[in-house]
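Here are my notes on this model, written as numbered points. Keep the picture open beside you as you read.

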Amino acid sequence: MGTLLYNGTVFTMEAEGKTTEAVYIENGKIVEVGLSKSLEKKWAETASEMKNLNGAFVYPGFVDSHLHLIAHGQKLLKLDLSESTKQEALAQLNDLTDEEEEWIEALGWNEHNDPNHEQLTSLDLNQISQERPIFVMRICRHAAIVNQTVLDLAGIDRYTKDPVGGRIERDDNGNPNGILHDAAVHHVQSLMPPMSKAQVKKALQVAVEDCYRHGLTGGHSEDLHYYNGLMETLDIYHEVVQEESPFRAHLLIHHEELDAYDQSPYVGKQELTPYIELGTLKIFADGALGGRTAALSMPYHDEPSTSGLLIHTQFALNDLVHKARERNLGVAIHVIGDQALDMSLQALEQNGQTNRRDRLIHVQVARKDLLERMKKLPLIVDVQPHFVVSDFPWVEDRLGKERMPYAFAWKTLLQASIPCAGGSDAPIEPVEPLKGMHAAVFRKNDQGVYNESEALTPYEAVSLFTTGSAYAIGREKTRGQIKPGYDADLTILDQNLFTLNEKVFEEAQVLATIINGYTVFEKGGRER
């Protein structure tokens, strides 16, 4: 007994422009695709459900190739400052003083949303409270702002040296101003009350439900370090992601969880359940452009005193890749600046390959010579198109005109035959894949259009979130296309995305999300 979807436009993604009208699904797999009349005649007596699509448009299930799923749920549950000015942020933080939580905490602060681009500092947060700790995560999640109470708890004063892989910002007198980067943030986080298992579970549930509404059938997530370790987080995934609430969760292994991985029952395993699988080893090579911690080969254009921040030495980075190879694991390296990219390529070149595909995540700043080296390696680049919307035009000030031709240059990567997958980096950017596709095609925000020569075609943009995401994890023979034998993961919209009509991407609505043949979301109908 199966399900027949008919009378629609089905984009198989086998090739650009290839469409059909109907899909027959059985036991979570696509059995046949073809013309409506033909499939209706063939499967009418077998199908337990016949669903008229009424002209809707069917795509392979959209998959986010890089996000932080539990953190996305946290963002939905906690105070989110990602759209706030400084004045609004302080007012919202002040409202939290009425709550009983030990720490006052918020996420998503972005100074570029303030008309004057004013930073938050400890002086601002001290006015809200000097008794309770206040922690505000910057939108990039590579920086945070804390009050004096937190600085005191963390033992950070004018004499504290920057930690390895981190930075403590200081005022003109040399005193910490409350703005911390990378390893300094991690030190503070180690002092915060850990989320309970129930809180983490709730965040994951909320995140998965939100993904359904936006047409996502899966995501490649980096969660297995921040929520009481690899094993407890995997336990939570097993409790949440199952037959009754399916989601294709591909989970990266944070490099600091290698010992826990070695002691777990999952060594050498990839597919843990039909919905949960372990991926490659996640490594951070540098920070982010927003806080000027992305590692550049030349100083920042708007702050010549710094070239960014490297998380590891070349030796340490090589060693981490070597450790992955010893376990037959690929690597997924967070790399934003060109110096970090150079070092990551060296580590890959020196350690050989494995049968698990390597990824470079972000690659926001490259160079021609690095592109040539990338072409020689069997790697995938995870891109986040919505960064164009969020980062321009201020990123041009960070980098200067000379670096812009190889910055956010995703068309150049594709033209060099470097496979790319598409994600959001949620909660840093919106989890909606349609917004990511729109950014990839039109490369614009309300202030202008940026590097238009790097704009993707609609087919290339949709491919990032379908065939690209499948290829990144070696699932190109079972996911990412609509063809017999493939997983029955589908995203159904009311619009044809394969046009250059900008309104289509802005106005498209998700009509249904189907995972393993099971409808997890239906507009105007059942929401799980």
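1. Helices H7 and H8 cross in a right-handed way (a crossing is left-handed if the near helix is turned anticlockwise from the far one by less than a right angle, and right-handed if clockwise). H7 covers residues 197-213 and H8 covers residues 229-240; their axes come within 10 Å and cross at roughly 50°. That makes H7 oblique to H8 (angles under 35 degrees count as roughly parallel, over 145 as roughly antiparallel, 65 to 115 as roughly perpendicular and the rest as oblique). Axes here are lines fitted to C-alpha atoms, for helices over the stretch in contact, and angles run from 0 to 180 degrees between N-to-C directions.

2. A word on where this comes from: it is a predicted model, with local features needing pLDDT of at least 70 and side-chain atom pairs counting only at pLDDT 80 or more, while totals for chains, interfaces and linings use all residues. Residues are numbered from 1 along each chain as its sequence is written, and side-chain values use heavy atoms, leaving out hydrogens and water. Helices (H or I, at least four residues) and strands (E, at least two) are DSSP runs, numbered from the N terminus.

3. Who touches whom between H7 and H8? On the H7 side you'll find Lys-197, Val-200, Lys-201, Leu-204 and Gln-205, and they meet Glu-232, Asp-235, Ile-236, Tyr-237, Glu-239 and Val-240 in H8 (contact means heavy atoms within 4.5 Å). The residues of this contact split into five nonpolar, one polar and five charged. Ala, Val, Leu, Ile, Met, Phe, Trp, Tyr, Cys and Pro count as nonpolar, Asp, Glu, Lys and Arg as charged, and the others, Gly among them, as polar.

4. Now look at H10 (residues 314-326) and H11 (residues 338-351), which pack at an angle of about 45° with their axes 9 Å apart. That makes H10 oblique to H11. The crossing of H10 and H11 is right-handed. Among the residues making the contact are Leu-317 and Val-321 of H10, and Met-343 and Leu-348 of H11. By type, the residues of the H10 and H11 contact are five nonpolar, seven polar and one charged.

5. Next, an open sheet: eight strands in the order S8-S15-S16-S17-S18-S19-S20-S21, with parallel pairing (two strands pair if DSSP finds at least two bridges between them). At the edges sit S8 (62-67) and S21 (420-422), each pairing on one side only. On average, neighbouring strands in this sheet are turned by 25° against each other, direction ignored.

6. Is S15 (residues 216-221) enclosed or open? Six of its six residues are buried, so S15 is largely enclosed by the rest of the structure (buried means under 20% relative accessible area, exposed over 50%, partly exposed in between, with a 1.4 Å probe and protein chains only). Four bridges tie S8 to S15, with Leu-67 partnered by Ser-221. S15 also pairs with S16 (residues 248-254) over four bridges, and there His-220 stands opposite His-250.

7. Another open sheet has six strands, ordered S9-S10-S11-S12-S14-S13, and its pairing is mixed. Helix H3 (residues 86-95) lies across S9, S10 and S11, running at about 155° to S10.

8. Finally, check H16 (residues 433-442): nine of the 10 residues are buried, so H16 is largely enclosed by the rest of the structure.
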